[in-house]
Amino acid sequence: MELWGRMLWALLSGPGRGGSTLGWAFSSWQPQPPLAGLSSATELVSHWTRVFEKRGIPEARESSEYIVAHVLGAKTFQSLRPALWTQPLTSQQLQCIQELSSRRLQRMPVQYILGEWDFQGLSLRMVPPVFIPRPETEELVEWVLEEVAQRSYAVGSPGSPLILEVGCGSGAISLSLLSQLPQSRVIAVDKGEAAISLTHENAQRLQLQDRIWIIHLDMTSERSWTHLPWGPVDLVVSNPPYIFHQDMEQLAPEIRSYEDPAALDGGEEGMDIITHILALAPQLLKDSGHLPGQEADPAELQWRPSNQHPLFLTAQAFPQGLCHSETSSMQIQLCPVRG
């Protein structure tokens with residue numbers, strides 16, 4: 001188990017990362033007057049790319065392009081009409097780009113700076129400190145969709161499948177599944193109030209609030225699971241914390257200083273939340289049967305792929321702090337051994 005965690009950390013860590021005080025306030029920066037002599041979108045992208053590179057900001061050009069495109073009302077710089085690339089910007093637009101770029105200099109992730117991000121074709125609101133979904137999280141959604149397509153409940157009665165997401169964050173996974181499985185329902189739980197509030201906001205934004213039950217709940221408190229709304233579930237999906245506690249301070253500033261540590265910190269062995277999920281799975285899944293070894297050490301729990309109701313977990317490694325495009329991941333499909 002320790003080797004597994006260390007392998008993940010080898011992917012996750014990078015050079016030149018020191019400690020920092022947790023928090024997402026950026027009171028140290030002050031807005032400056034728009035830069036003289038810079039008037040077009042292309043010039044602004046080039047300027048801020050150089051500034052970011054000089055200050056060691058990861059993905060410097062991508063950062064500047066996203067910020068400039070956002071101020072001009074586009075998702076990406078490439079999607080701007082070519083005429084806008086060289087058209088002079090207004091003083092208000094220049095000031096806005098200056099202010100947003102100053103936040104990036106404080107290592108704030110672009111997702112938080114823009115206040116929204118696309119996930120599986122959905123536009124989701126993003127606010128600190130709620131965990132930012134990574135590209136690998138989209139792979140988890142695809143994996144679940146493939147699993148559902150192979151099972152009878154994929155074409156079953158309304159309300160099937162019933163999915164539980166543990167640690168919903170922004171609601172990215174739950175809402176993506178709801179949008180692509182029109183008969184499904186989701187129970188989304190998280191212990192963070194900010195995450196619960198943001199999932200509510202995103203569900204209403206996407207008009208999916210009627211098929212999701214969002215619950216403020218600490219999954220490590222087993223009493224909280226006594227009565228699940230809508231009964232036992234078909235699938236359990238989670239992107240749980242897995243980082244070793246002692247490694248938290250070595251995360252990139254974008255992660256360490258802005259995202260909720262509870263969504264990242266997996267405890268001494270990186271397995272605290274994962275162990276709870278595995279132990280609770282037999283109680284949460286329909287027809288779960290007996291789980292041998294649930295009182296044993298997590299490394300000794302017996303699991304194997306099966307045709308029963310699955311539990312999906314994903315563990316991700318993310319060395320950068322902007323869009324997390326250069327990432328690695330390990331995804332695990334776990335099902336209890338039947339006794």
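Guide: Let's start with a cut-off: a residue counts as buried under 20% relative accessible area, as exposed over 50%, and as partly exposed in between. Keep in mind that this is a predicted model.

Visitor: Okay, why is Q120 called buried?

Guide: The relative accessible area of Q120 is 18%. The cut-off is under 20%, so Q120 is called buried. You'll find Q120 in the loop between strand 1 and strand 2.

Visitor: What makes the phi of Q120 worth a look?

Guide: Phi of Q120 is near 55 degrees, which is positive, and Q120 isn't a glycine. Most residues other than glycine have a negative phi. R107 is another non-glycine residue with a positive phi, about 70 degrees, and R107 sits in the loop between helix 5 and helix 6.

Visitor: And how do you know that the peptide bond from P128 to P129 is cis?

Guide: Check its omega, which is near 5 degrees. Most peptide bonds are trans. P129 belongs to the loop between strand 2 and helix 7.

Visitor: What makes R205 and E116 a salt bridge?

Guide: Here the cut-off is a side-chain nitrogen of Lys or Arg within 4 Å of a carboxyl oxygen of Asp or Glu. The closest N and O atoms of R205 and E116 are 3.0 Å apart, so the pair passes. R205 is in helix 9 and E116 in strand 1, so this pair ties together parts that lie 89 residues apart in sequence.

Visitor: Are R205 and E116 buried or partly exposed?

Guide: R205 has a relative accessible area of 36%, so R205 is partly exposed. E116, at 24%, is partly exposed too.

Visitor: How do you know that R125 and E201 meet in a salt bridge?

Guide: Their N to O distance is 3.3 Å, and the limit is within 4 Å, so they qualify. R125 is part of strand 2 and E201 part of helix 9, so parts 76 residues apart in sequence are tied together. R125 has a relative accessibility of 29% and counts as partly exposed; E201, with 36%, is partly exposed as well.

Visitor: What about E259 and R134: how far apart are their closest N and O atoms?

Guide: They are 2.6 Å apart, and the pair forms a salt bridge. E259 lies in the loop between helix 10 and helix 11, and R134 in the loop between strand 2 and helix 7, so this pair links parts 125 residues apart in sequence. Both E259 and R134 are buried.

Visitor: What makes K75, E116, D118 and R205 one network?

Guide: Salt bridges that share partners join the four. The structure holds nine salt bridges.

Visitor: Why is strand 3 called mostly covered?

Guide: Five of its five residues are buried, which means each has a relative accessible area under 20%. L162, L164 and V166 point one way, while I163 and E165 point the other way. In a regular strand, side chains alternate between the two faces of the sheet.

Visitor: How do you know that strand 3 pairs with other strands?

Guide: Pairing takes at least two bridges. Strand 3 has five bridges to strand 4, and these two run parallel. Strand 3 also has four bridges to strand 6, again in the parallel sense. Both counts reach two, so both are pairs. L164 stands opposite I187 in strand 4, and V166 stands opposite S238 in strand 6.

Visitor: Which elements make the right-handed β-α-β unit?

Guide: Strand 3, helix 8 and strand 4. With the strands pointing away from you, the path runs clockwise from strand 3 over helix 8 to strand 4, so the unit is called right-handed.

Visitor: What is the mean pLDDT of the protein chain?

Guide: The mean is 77 on a scale from 0 to 100, and 69% of the residues reach 70 or more. Over residues 288–310, pLDDT stays under 50. Over residues 314–339, pLDDT is below 50 as well.

Technical notes
Residues numbered from 1 in each chain as written. Predicted model: local features only at pLDDT ≥ 70, side-chain atom pairs only at ≥ 80, totals over all residues. Heavy atoms only, no water. Buried < 20%, exposed > 50% of the residue type's maximum accessible area, 1.4 Å probe, protein only. pLDDT = per-residue confidence, 0-100. Contact = heavy atoms within 4.5 Å.
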